[in-house]
Every structure is written in C-alpha cells, then in structure tokens.
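Thanks for asking me to take a look at this one.

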Amino acid sequence: MKTLMVTDPQMCTECEACINACKKTYGTARARKTDSIPIFCMHCHPDKAPCRRICPHNAIEVIDGEDGETLIVNEENCILCKLCAIACPIGIISFDKEKKSAEKCTLCLESDNIIPACVEACKDNVLNVFSIEDLQELKNDENLTEELQEAIKTFKSKSN
Ligand code: SF4
Ligand code: SF4
C-alpha cells in the first residue's frame with residue numbers, strides 16, 4: 001500500500017502541472033487544487049476507506065499492484081449516487097460526466113506509467129510516493145520533526 005503527498009509545500013509553485021497531467025491521462029483530474037497547494041487521495045486502508053465502505057453498489061474495488069493494494073472505481077458498477085464524495089474526508093472523489101462514473105486516484109496503477117503522471121509532471125519535485133513503512137521510518141526520525149513542523153506551519157499559512 002502506497003500513498004502520495006506534497007512533501008515540500010514551501011517549494012510548491014502552485015503551477016497545477018500535476019493536476020493537468022492527471023486530467024490529460026484520465027480525462028478528469030483525480031487531484032484537486034485548493035486555495036494553495038494541490039491535494040491528493042490519502043489512499044486510506046482498503047478496509048477502512050470511507051468511500052469504499054459507503055458505496056452501496058460495491059463499485060470501489062481493491063486491486064493488487066506491485067506495490068500492494070489500492071482502490072479503484074469499477075465504472076460499470078457505479079450508479080453515480082455520489083455517496084463516496086460525501087463520505088471522503090477530504091472531498092477528493094471526482095466525477096466523469098462522459099463515463100457517468102466516480103473517479104479516484106489509483107497512483108496510476110491501471111496505466112502504463114511507472115511513476116504516477118502527477119509526480120512525473122512536477123518540475124519542482126515536491127511530490128513523492130511513500131509506502132507505509134517509509135512513513136513509519138520518517139515518523140521515528142527525530143531529525144525530521146523540526147522540518148515537518150516547519151512544513152505544517154507553511155501549509156497552514158498558505159491555506160489561510
Ligand atoms: S457514486 Fe459510484 S462509486 Fe460513489 S458511492 Fe455511488 S455507486 Fe459507489
Ligand atoms: S477517496 Fe477519500 S475516502 Fe477514498 S481512499 Fe481516498 S481519501 Fe480515503
């Protein structure tokens with residue numbers, strides 16, 4: 001199981017190249033621009049993901065990739081009730097009017113991309129993909145605490 005995040009909000013120039021690359025790949029952006037930095041699906045654990053748990057039509061399915069499991073919308077099963085978008089704590093589910101389906105980030109697991117399109121498009125290199133183990137290691141690294149607090153402060157000041 002992997003996740004993706006803006007690791008250096010201070011360096012994000014808010015150019016939206018990541019969001020545009022996602023839109024170009026899938027027709028609908030699966031990431032969202034806020035007032036400042038972009039936000040991405042948090043890749044909640046498949047057993048706990050509110051979007052999957054609420055879906056009345058089992059349209060959000062678990063797929064296995066090289067890097068573990070991730071969640072994908074089965075477009076055939078989606079009845080466009082939009083409950084997943086209400087349940088998602090960060091409101092990151094989008095909808096494709098043509099496909100008549102919900103859309104969510106899969107870290108490009110269903111494409112041929114080796115690196116997710118958004119990560120590849122980011123010229124400022126502020127996006128990174130982490131495994132749960134990487135995150136645990138970072139959490140235990142005391143040297144990073146100060147840097148993390150600085151990043152949170154910047155994020156908060158940019159979003160106000
Ligand atoms: S919009 Fe589709 S994926 Fe979302 S909860 Fe409804 S049926 Fe499930
Ligand atoms: S779409 Fe929302 S609820 Fe579903 S896995 Fe991503 S962050 Fe979690």
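1. Let's begin with helix H1, residues 17-26, where Cys18, Ala21 and Cys22 are buried. Buried here means that 20 or more other C-beta atoms lie within 10 Å of the residue's own; exposed means 12 or fewer, partly exposed is in between, and C-beta atoms are placed from the backbone. The buried residues of H1 fall within an arc of 100° when seen down its axis, so they line one face of the helix. That arc is taken from the directions from the helix axis to the C-beta atoms.

2. A word on the model: it is predicted, so local features need pLDDT of at least 70 and side-chain atom pairs count only at pLDDT 80 or more, while totals for chains, interfaces and linings use all residues. Residues are numbered from 1 along each chain as its sequence is written, and chains are lettered from A and ligands numbered from 1 in the order in which they are written.

3. What covers the buried residues of H1? The cover includes strand S3 (38-39), helix H4 (117-121) and strand S8 (127-131).

4. Phi is positive in both non-glycine residues: near 60° for glutamate 14 and near 70° for glutamate 16. Most residues other than glycine have a negative phi. Glutamate 14 is partly exposed because it has 14 C-beta neighbours inside 10 Å, and glutamate 16 is partly exposed with 15.

5. Now the ligands. Around ligand 1 there are 14 residues, with Cys55, Ala59, Cys78, Cys81 and Cys84 the closest; a residue is near a molecule if its C-beta atom, placed from the backbone, lies within 6 Å of it. This shell has 12 nonpolar residues, one polar and one charged. Nonpolar covers Ala, Val, Leu, Ile, Met, Phe, Trp, Tyr, Cys and Pro; charged covers Asp, Glu, Lys and Arg; the others, Gly among them, are polar.

6. Ligand 2 has 13 residues around it, and Cys41, Met42, Cys44, Cys51 and Cys88 come nearest. Its shell divides into 11 nonpolar, one polar and one charged.

7. Finally, the whole protein chain: six helices and eight strands, being DSSP runs numbered from the N terminus (helices H or I, at least four residues; strands E, at least two). Of its 160 residues, 24% are buried.

Key
Contact = placed C-beta atoms within 7 Å.
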